[in-house]
Amino acid sequence: KSAEISAGVDMLTYLFSDKDPAVRAAAVEVYVRRAYRAHRMIDLSVEINGGLSCSWSFQFKETPSSQTVIRHGFLSVVPNLDNFAKDLPRILNEFGSKFTKSSHPVNELYIASATSDSDVDVEELEPIIVAQER
């Protein structure tokens, strides 16, 4: 059953490039809610303004809410990875502006491509990411 659920969530990514912005937004929201169903979702917001992004706050369900830190997630959908070097600083700035500073590394960042970039070499993306370290 777990593999079926995972396949269903993965299929939602194909809708990230749908022509209808409402379908894209709904797909991102359902994707995040399904991926984080094992957590206590505090809030979730999807934004379509020049791009598609989703931010959310959550806690671990197994721990009482009064005893666990609030964690944050951010998903940015880019049209493709051709302009990754240009898109990454903007994504990181948007990610950083969404959440307050914390003494705990509790934030999660996801970058998704709206197209199937099956020929992407991760080793080519790594220097771009390393160059952004602060």
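This is a predicted model: local features need pLDDT of at least 70, side-chain atom pairs count only at pLDDT 80 or more; totals for chains, interfaces and linings use all residues.
Reader: How is a pair of aromatic rings described?

Author: A pair of aromatic rings is described by the distance between the centres and the angle between the planes. In this structure the count comes to five aromatic pairs. One of them joins Y36 and W56, whose rings are 5.2 Å apart centre to centre with 65° between the planes, and this pair is edge-to-face. Y36 sits in the loop between helix 2 and strand 1, whereas W56 belongs to strand 2, and the two are 20 residues apart.

Reader: Are Y36 and W56 buried or exposed?

Author: Y36 is buried because its relative accessible area of 8% falls under 20%, and W56, with a value of 1%, is buried as well.

Reader: Which aromatic pair does W56 form with Y110, stacked or edge-to-face?

Author: The pair of W56 and Y110 is stacked, with 6.1 Å centre to centre and 20° between the planes. W56 lies in strand 2 and Y110 in strand 4, so the pair ties together parts that are 54 residues apart in sequence. Y110 counts as partly exposed, at 36% relative accessibility. Y36, W56, F58 and Y110 form one aromatic cluster.

Reader: Which residues form the negative surface patch?

Author: The negative surface patch is made up of D121, E123, E124 and E126. Among them, E124 is found in helix 4, which spans residues 122–130, and E124 is exposed because its relative accessible area of 56% is over 50%.

Notes: Residues are numbered from 1 along each chain as its sequence is written. Side-chain values use heavy atoms; hydrogens and water are left out. Patches are made of residues with over 30% relative accessible area and no salt bridge: like charges are joined within 9 Å, nonpolar side chains (Val, Leu, Ile, Met, Phe, Trp, Tyr) within 5 Å. Accessible areas come from the Shrake-Rupley method with a 1.4 Å probe; for residues, only the protein chains shown count as cover. A salt bridge is a side-chain nitrogen of Lys or Arg within 4 Å of a carboxyl oxygen of Asp or Glu. Lys and Arg count as positive and Asp and Glu as negative; His and the chain ends are not counted. The place of a charge is taken as NZ of Lys, CZ of Arg, CG of Asp or CD of Glu. Helices (H or I, at least four residues) and strands (E, at least two) are DSSP runs, numbered from the N terminus. Buried means under 20% relative accessible area, exposed over 50%, partly exposed in between (1.4 Å probe, protein chains only). Rings of Phe, Tyr and Trp (its six-membered ring) pair if their centres lie within 6.5 Å; planes under 30 degrees apart count as stacked, over 60 as edge-to-face and the rest as tilted.
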